[in-house]
Amino acid sequence: SEEYKISVITLSLGTIAVFQNHCDDVYMPVSQSLESAVAKNISVTIASGNGGNSNGISWPACISSSIPVAATNKNDYLTSYSNYNDLVKIFAPGTAITSTCFYGTYCTKTGTSMATPMVAGAIAIANQYKQLTEKTMPPFEIEAVLKQTGDPIINLPENWKRININKFLNFKRADLNNDSQVASNDLALLLGAWGNCEICPEDLNSDGFVGDADLSLLLESWSSL
């Protein structure tokens, strides 16, 4: 990653078989390779699959260190073909996407394979922006913020989001309720999450615990943004 400045790997492939839970033990060499990439702050986006399954996603998207991507259409509806379940954190447009094709031409394709590079591109932009502002974010934090700043999917509960890179770039971490100010409502959210928190927006310093350090960061950002 240091030599070639790699920040994200994207895989538009997967099995017909789907998995309801993490599948790191299916083929350990691949799982270990993804873990190695993430350890070097390289995000790995993988297509969730096109079986229209709402209870499972394809391998290798189900590997715990990956960012599985499901698909919406351009009107922010879940597509009929996209696999998704609780392992999926992020959605992106995947229907009727114009892209480059073989022999130097352009064509229109549909599938989670088209949604996945959308997320990879967003992560690349996010990393470049963070470098310009002299900030760094590990892959799990980028994923969490992309989800937090995403737009609702019309026919799914609000815990699934379609990426919105503009909102990501304008994101202020302490603005927990996304109302463009850091104030009492954000304080209430942080206090409500006090304690152990593996990955949550209230964990402002990403140490796995919502506590005094996060409270200090919130108070430092207090006032309108």
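Strands are DSSP runs of E with at least two residues, and helices are runs of H or I with at least four, both numbered from the N terminus. The model is predicted, so that local features need pLDDT of at least 70 and side-chain atom pairs count only at pLDDT 80 or more, while totals for chains, interfaces and linings use all residues. Residues are numbered from 1 along each chain as its sequence is written, and side-chain values use heavy atoms, without hydrogens and water.

Ser58 belongs to strand 4 (residues 57–58). With a relative accessibility of 2%, Ser58 counts as buried (under 20% relative accessible area; exposed is over 50% and partly exposed lies in between, with a 1.4 Å probe and protein chains only). Beyond its neighbours within four places in sequence, Ser58 has contacts with Gly14, Thr15, Ala17, Val18, Phe19, Ser48, Gly49 and Asn83, where contact means heavy atoms within 4.5 Å. Thr79 is 21 residues from Ser58 along the chain, and their C-alpha atoms are 16 Å apart.

A nonpolar core is a set of buried Ala, Val, Leu, Ile, Met, Phe, Trp, Tyr and Cys residues joined through side-chain atoms within 4.5 Å. The largest has 20 residues, of which Tyr84, Val88, Phe91, Leu156 and Trp160 touch the most other members. At least two residues of this core come from each of helix 1 (28–39) and strand 3 (43–47). A separate, second core comprises 18 residues, including Ala71, Ile142, Ile163 and Phe168. Apart from residues up to four places away in sequence, Phe91 touches several residues, among them Ala71, Tyr84, Leu156, Trp160 and Ile163.

Ile9, in strand 1 (residues 8–11), is partly exposed at 33% relative accessible area.
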